[in-house]
Amino acid sequence: MVEHWDAVVVGSGPNGLAAAIELARNDCRVLLLEARDAIGGGMRTRELTLPGFLHDECSAIHPMGVLSPYLRQLPLRDHGLDWVPFSASVAHPLDDGPAPLLVRSLDATAERLGSDGPRWRRLMEPFLRYPHDLLEDLLGPLRPLPKRPIQMARFGWHAWQPATRFARRNFETREARALFAGCAGHSVLPLETWLTSALGLIFSITAHVADWPCARGGSESIARAMGAYFESLGGRIEVGRPVHSMDDLPEARAVLFDLAPRPFVEIVGAAIPPRYRARLLRYRYGPGTFKVDWALSGPIPWKDPAVGQASTVHVGGTLEEIAASERDAWNGRHHPNPYLILCQQSHADSTRAPSGQHTGYAYCHVPSGSTEDRTAAIEAQIERFAPGFRDCVLARHVTTPGDFEALNPNYVGGAVTGGAADLSQLFTRPVARLNPYTTPNPKLFLCSASTPPGGGVHGMCGYYAARAALRRLR
Ligand SMILES: Cc1cc2nc3c(=O)[nH]c(=O)nc-3n(C[C@H](O)[C@H](O)[C@H](O)COP(=O)(O)OP(=O)(O)OC[C@H]3O[C@@H](n4cnc5c(N)ncnc54)[C@H](O)[C@@H]3O)c2cc1C
């Protein structure tokens, strides 16, 4: 018997799952197809090093997940999701002196920023009046009328600036400049680029609204909870079902692809017009990622023990050093002292490692498709701020840009955020179009991180794509 679906979703990352859920919540018959043997996309957890050590393959820490305007309203707790908070969201070790810490309390954050404390407070305070409205305005397609126009105008006034310029103009201490640069580094762009302050601000603001948590048991528990909720709404999931061409798809009124433009084009081929196809193929992905996971005999021995409180540690030193590292990755070079995003899930989630032992997770940005082994450079950077780190290593596992792309074709060249989010691609992802989730083929939609608002586990791309599909289905 041929089955007919209202919608088929290809790919079960956070956006594919969010799209499937939103469609099912609106009484659609939805089939979710996933190539790998389990759902999750960027939310996967495995014993990569030794038995008993659970490592997040990709996403690790979830400020966007816990604050997502869409995920927040889903009953994911009822389906097993448990966010684990930390007492600090970010720590930023420097060669000497106490590390700045980004914590929920403005006072406590300001306290460690010396003369920049009051400036940090003045900058953040206006955004903390209606932070959820701000996130709703930011985490979606560009809207003519935001929910809080004045707040958005204030945000925009700061956000358009390059992070380097913003940090130098607003702060005078090495600590505050570095703290801001570490947050802006999540943009995967040179920090001299317009708009990189936006990411610095968003990440800083979120840390004053919620502690950046991890998911108990690993990021895959977010996927499991979303999958279970989707099935409770009557949706069907089929894993081990790679879609190679349109012939692999069952009958459906709409198909939503949780895919980057390149794999999308490979599948749909002539189902989209050549001009649109050519525009998709011009989409730019940005630098790749080189990641190391460790099984550790104990916590990382940071020079400043306060760093151990944070879920995320930005390892890279000063604003200038971080800017140089990110500039190099963008321009096809390997910086000798790379800027690292390091996560310490096991410090708050005891399920991640045997008692008394810990997991370590860190990655740096590298030129797209790089094959250079960055393990020694990454470990040297950690050792710089945590002497004795190497002695704690029981085992390590390396993921290169090529490995990332093999795990998931969305990670083109090892780029893991759905494509470069610079001025020309931030709002017009993957191409400039009134509704970026639609395609010229009225049945086909894009719902991945290559659509607005871009990378991260928040499900907002999926939510907006589902809304676009629902309008067509009705
Ligand atoms: C190393 C790393 C660290 C990260 N850290 C964080 C973090 O700490 N916090 C955070 O919020 N975000 C983080 N991210 C980013 C986040 O994981 C991604 O932005 C997010 O997963 C994108 O979601 P998506 O739904 O668009 O696509 P994906 O998560 O890429 O999911 C796409 C799914 O589609 C499947 N698929 C692909 N092709 C096919 C096909 N032909 N047929 C069927 N299925 C297919 C894939 O197997 C995959 O399951 C990180 C990513 C990486 C790689």
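**Note on the ligand shell, domains and sheet**

1. The shell around the ligand draws on both domains, with at least three residues from each of domain 1 (4–43 + 63–82 + 215–284 + 417–473) and domain 2 (83–214 + 286–407). The model is predicted, and the points below should be read with that in mind.

2. Those two domains are what the domain assignment gives for the protein chain. Their C-alpha centres lie 27 Å apart. The contact between domain 1 and domain 2 takes 31 residues from domain 1 and 29 residues from domain 2.

3. Which residues come nearest to the ligand? They are E34, G42, D258, N408 and G456, out of the 38 residues around the ligand. By class, the shell divides into 19 nonpolar, 14 polar and five charged residues.

4. For E34, a polar side-chain atom lies 2.6 Å from an oxygen atom of the ligand. For I61, a backbone N or O atom lies 2.8 Å from a nitrogen atom of the ligand. For V243, a polar backbone atom is 2.9 Å from a nitrogen atom of the ligand. On its own, the ligand has 1,000 Å² of accessible area, and the protein covers 93% of this.

5. Which elements give two or more residues to the shell around the ligand? They are the helix α1 (14–25) and the strand β14. Of the elements, α1 gives the most, with three residues.

6. Strand β14 also belongs to an open sheet of seven strands, in the order β7-β6-β12-β13-β14-β11-β15. Pairing in this sheet is mixed. Strands β7 (101–102) and β15 (393–399) stand at the edges and have a single partner strand each, so one side of each is left without a neighbour in the sheet. In general, strands of a sheet pair through backbone hydrogen bonds, and the pairing is either parallel or antiparallel.

7. In which sense do β13 and β14 pair, parallel or antiparallel? Strand β13 (residues 340–343) and strand β14 (residues 358–366) pair in the antiparallel sense, over four bridges.

8. Two cis peptide bonds deserve a look in the backbone. One joins R429 and P430, with omega about -10°. P430 is found in the loop between α15 (401–407) and β16 (444–446). Another runs from P452 to P453, where omega is near 10°. P453 lies in the loop between β16 and α16 (460–473).

9. D27 is a further backbone point to check. The residue is not a glycine, yet D27 has a positive phi of about 65°. Where is D27 found? D27 is in the loop between α1 and β2 (30–33). The helix α1 at one end of that loop is the element that gives three residues to the shell around the ligand.

Notes:
Residues are numbered from 1 along each chain as its sequence is written. This is a predicted model: local features need pLDDT of at least 70, side-chain atom pairs count only at pLDDT 80 or more; totals for chains, interfaces and linings use all residues. Side-chain values use heavy atoms; hydrogens and water are left out. Two strands pair if DSSP finds at least two bridges between them. A residue is near a molecule or strand if one of its heavy atoms lies within 4 Å of it. A polar contact is a pair of N or O atoms within 3.5 Å; within protein, one must be able to donate a hydrogen and the other to accept it, and residues adjacent in sequence count only if both atoms are side-chain atoms. Accessible areas come from the Shrake-Rupley method with a 1.4 Å probe; for residues, only the protein chains shown count as cover. Ala, Val, Leu, Ile, Met, Phe, Trp, Tyr, Cys and Pro count as nonpolar, Asp, Glu, Lys and Arg as charged, and the others, Gly among them, as polar. Domain bounds come from an automatic or database domain assignment. Contact means heavy atoms within 4.5 Å.
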